[in-house]
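Dear colleague,

Please find below the structure that I am handing over to you.

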Amino acid sequence: MSKPLTAETYQALASRLKTAWPEGSAEGMKATRIARRILWMCRQAGWAPETSMASHQEAGAFFDTNRPATFKVTSGTYAVYRSEILSVLKPEPVRKGRYILQMDGVYREVHDLTVKAGLPPAVRWRCSPLLWYLHERAVVPSEITSDTLMEYHRFCLDVEQLPDDRARRRAQDAAKYISLMAEHPDFAVFGFSPVEVTFPNRSIKYDVPRDIADTLLQDFDKRVVPWARGEISNQGETWEEYIARLDTVETPAPTSDKKRAWKASQEYQCEMAKGEQISRGPAQGFLPESRRWKLTTIKNRRDLCATCAKVMYEAGKFHIETIEELTDPEIVEAIAKRLDARKPKHNPQSSYASGILTLISTLAKDFVQRSPENLENIRRIKEKYGKKHEGIAPKNRDTLRNFTNVRIQALIDMPDRITVELNREVARRRETFRQEHGVLPSPADVFDGSLIKQVMLALSARIMLARAPRRANLAGLRLEWIRWRDGLATLEIPPELVKSRREQDGPLLVPLDLKTSKLLDQYMKSLRSKLLHPNDAHNPFLFPSPPHAGKQRISGFYKGLPDRLVDEVHKRVGVRINPHLWRHLIGWIWLKEDPDKLPAVQKLLGHKSIETTIKYYADIDESVVLGKWLEYLDGKKT
């Protein structure tokens, strides 16, 4: 079937396909079927076929970002849909039927000389499209500039419809080729000049010097981190120095040695911390124990400080060097405005700016201890530019609502399905080995790294369904946290590693049922050791780092496990979630079953108060209640 050009809408393409061949012919029936599938793709992607321009690249991205389960079709059907749709969207090659030896003129001479000069064949093959491009546009070698190559990049994108990464590589290869010829004496007669083509690094968000945040981060590391960990006061004092200063300020009469020793004790410190925690007022010198930052919090907030420094320098070349400058209300407002202007269009309600303003508010109140007037100004700025919603972000809320009863059941069944497939593959490998060697091996003997990672996937899915610990807690589970009683396992995650959990709250408990406990026991006894590096016998993690690209981290854990888990959900359930959204998902599942389960969901997710649970689930809970009401009405109809 010939491939039509794609400078038309999806509707126009579908209509032309239906009339391109005689009705009833094999080609006509195939074209009509493909036309229906093109319109199906538009419906699923939310594109208006009458106005959306047909694009091979966009259609490919649609199939790449979705999974068969999303549309309740088999993998085979999905592959056929993809293949047939893309077959009529792929444009004709721009130079179909033409070869470099058919070219004449200066660029044919350039090509022939590259052969004689012995330049690497790969260079010639990769850059022959460039020579055709320059030949057709009559661009002479001396006129080639960086702008020429950027136009070539856009040609690769818009006309040849190459993926962006491939189009970039084409332009970069072209720059190397031309610069190579500019420096080669054999090509001097053509007048090539060295050129560069630079694409912005997509991982760098701000166009600022790399070290612009270093001074602020040094101040953060030296002063804020020890304070946030409870090691010193906001003025850099030890606990004893802090108590001595309070004595001189607040106690005019001499204090006995006995009383001084008591006030310097840990018990007195804890009592002060409790009082400050209850008041939620500014921390007086030392940060109360219940409000101290965990290591992950410190890392995240350090990154936010770096962002503030970059934002301010990009906005007006103002270099933030101290925490005091960072918390100045005028600086805070400038940062907030800049972040608001850069808010992503695809996620206008992103809470990133709100997180930065929350950090600045905390530092201004507890560390710098700014005046009430300053704090009020910062509060107003946060109210104006911060997060405009409470609880779950609208985008995540919509994702949760995609979990219908069928998909919820598929999620709950997912660990069992993975295990069934594993057992089937293990049986096949054992039988294959028996046929080849005459001996039936034990099940553990046929497990390799890929199968063990599947066991880890099934085990982690069961743990997430049991209580949904946070991402870092799941991937970083340690062997020493496992407790056994009557054949059942319980994971006890220390409170200092759990967000918003205090020492007096005790560890976060994740009890496992009998089936999960048996799988955990089998994995630990016979499979986990097979995944370890020979020099990593004492790895402390339940999920040790597996080999990747021929390398393996010693004493590390499987950081990519949460991402692998949500990829599996996408594949089997048809909804794309992020690792943290899994926590909200199990709360949503339970509330969907029974809206009165809010107190139970609070305990399940480890929220400190019912208010937190209500804040996250109030609007979802409302939709569930309304659904129950409609069910009630349907039951009453005669």
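In this predicted model, R108 and D112 form a salt bridge, with their closest N and O atoms 3.1 Å apart. The two residues are separated by about one helical turn, because they stand four residues apart in helix 5 (residues 106-116). R108 is partly exposed at 23% relative accessibility, and D112 is likewise partly exposed, at 28%.

A second salt bridge joins the side chains of E314 and R338, at 3.3 Å from N to O. E314 belongs to helix 13 (residues 295-316) and R338 to helix 15 (residues 329-341), so this pair ties together parts that are 24 residues apart in sequence. E314 is buried, with a relative accessible area of 19%, whereas R338 is partly exposed at 29%.

R478 and E480 also form a salt bridge, their closest N and O atoms being 3.6 Å apart.

R126 is placed in helix 6 (residues 121-136) and is exposed, at 54% relative accessibility.

As for the cysteines, a search of the whole structure finds zero disulfides. The sulfur of C305 lies 6.1 Å from the closest cysteine sulfur, that of C308, which is too far for a bond. C305 is buried, with a relative accessible area of 0%, and C156 is buried at 0%.

Technical notes: Residues numbered from 1 in each chain as written. Predicted model: local features only at pLDDT ≥ 70, side-chain atom pairs only at ≥ 80, totals over all residues. Heavy atoms only, no water. Disulfide = S-S within 2.5 Å. Buried < 20%, exposed > 50% of the residue type's maximum accessible area, 1.4 Å probe, protein only. Salt bridge = Lys/Arg side-chain N within 4 Å of Asp/Glu carboxyl O.
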